[in-house]
Amino acid sequence: MANLIEVKNVGKRYERGGRPFWALRNATLAVAEGEFVTLLGRSGSGKSTLLNIIVGLLSPTEGEAVLCSTPLSGLTDEAASELRNRSVGYVPQGAGVLSTLTVLDNVRLPWYLAHRGPEPEGRAQQLLEEVGLGDLANQYPSALSGGELRRVAIARALMCEPKVIVADEPTSSLDAQTAREVVSIFRRLADKGTGVLMVTHDTFSVDVSDRLYDMAEGVLTERAKA
Ligand code: ADP
Ligand code: MG
């Protein structure tokens with residue numbers, strides 16, 4: 001199976017209080033078509049830094065990231081954002097929905113940003129139903145709870161039928177049942193060929209994942225699955 005994500009010897013150095021430190025060191029990881037990969041690690045260990053590099057929102061200090069066979073290092077911001085829109089379902093940490101659009105329009109937005117023409121009939125509504133928010137389609141985000149906003153972000157990430165899903169703690173602030181449903185959606189998509197890379201603390205997603213990585217103080221290691 002082809003790799004959708006390839007990270008080779010990637011490092012990221014930040015400055016803090018005038019002193020440089022490495023948030024990520026020599027990280028190497030791959031996610032192939034049809035794979036569900038979980039990334040675990042404590043807060044502050046470098047997980048979001050790695051994900052932001054993978055989706056082309058952050059440049060690494062060293063090493064190389066390749067997304068859907070395209071090396072990110074050579075891309076302009078515009079080209080990276082087009083690639084992200086076309087191929088990646090990114091669920092950033094936090095909600096990140098637009099407060100001036102209804103829930104339904106938030107989910108639809110990536111489709112229009114990708115210039116894909118008319119929305120397939122009812123697709124955004126269908127995705128909202130899959131994440132249990134069918135009844136809230138016409139509400140504005142201010143009327144939703146934190147967990148509901150997470151689910152809007154998940155539905156939005158699936159709108160353009162991404163080749164690869166990159167999700168940063170998508171199940172945080174969800175109850176156990178809803179978290180399981182979200183992970184099951186990702187698992188089903190992986191079974192149909194989508195690549196999934198997910199940061200989480202849920203044991204359920206550890207159980208259904210094909211491979212696991214641990215992050216500790218910027219050092220990434222693959223864990224042998226029990
Ligand atoms: P995680 O997602 O695992 O909680 P992050 O990747 O967000 O961790 O952060 C890793 C480390 O890098 C943390 O110590 C964080 O404070 C630091 N960090 C993140 N972004 C920046 C930044 N823009 N500038 C300086 N330090 C940062
Ligand atoms: Mg994080």
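Mentor: Just after helix 3, His115 adopts a positive phi of about 50 degrees. Helices (DSSP runs of H or I, at least four residues) and strands (E, at least two) are numbered from the N terminus. The model is predicted, so local features need pLDDT of at least 70 and side-chain atom pairs pLDDT 80 or more, while totals for chains, interfaces and linings use all residues. Residues are numbered from 1 along each chain as written, chains are lettered from A and ligands numbered from 1 in written order, and side-chain values use heavy atoms, without hydrogens or water.

The axes of helix 3 (residues 103-113) and helix 4 (residues 123-130) come within 9 Å and cross at roughly 115 degrees. The two helices are therefore roughly perpendicular to each other (65 to 115 degrees). On the helix 3 side, Val103, Leu104, Val107 and Arg108 make the contact (heavy atoms within 4.5 Å); helix 4 contributes Ala124, Gln125, Leu127 and Leu128.

The magnesium ion (ligand 2) has Ser48 (OG) and Gln93 (OE1) as its protein donors (N, O and S atoms within 2.8 Å; 3.2 Å for Na, K and Ca), lying 2.0 to 2.4 Å from it. Gln93 is in the loop between strand 6 (88-91) and helix 3, and Ser48 in helix 1 (residues 47-54), so the pair ties together parts 45 residues apart in sequence. Ser48 is partly exposed, at 21% relative accessible area, as is Gln93, at 46%.

Key: Axes fitted to C-alpha atoms, helices over the stretch in contact; angles between N-to-C directions. Parallel < 35°, antiparallel > 145°, perpendicular 65-115°, else oblique. Buried < 20%, exposed > 50% of the residue type's maximum accessible area, 1.4 Å probe, protein only.
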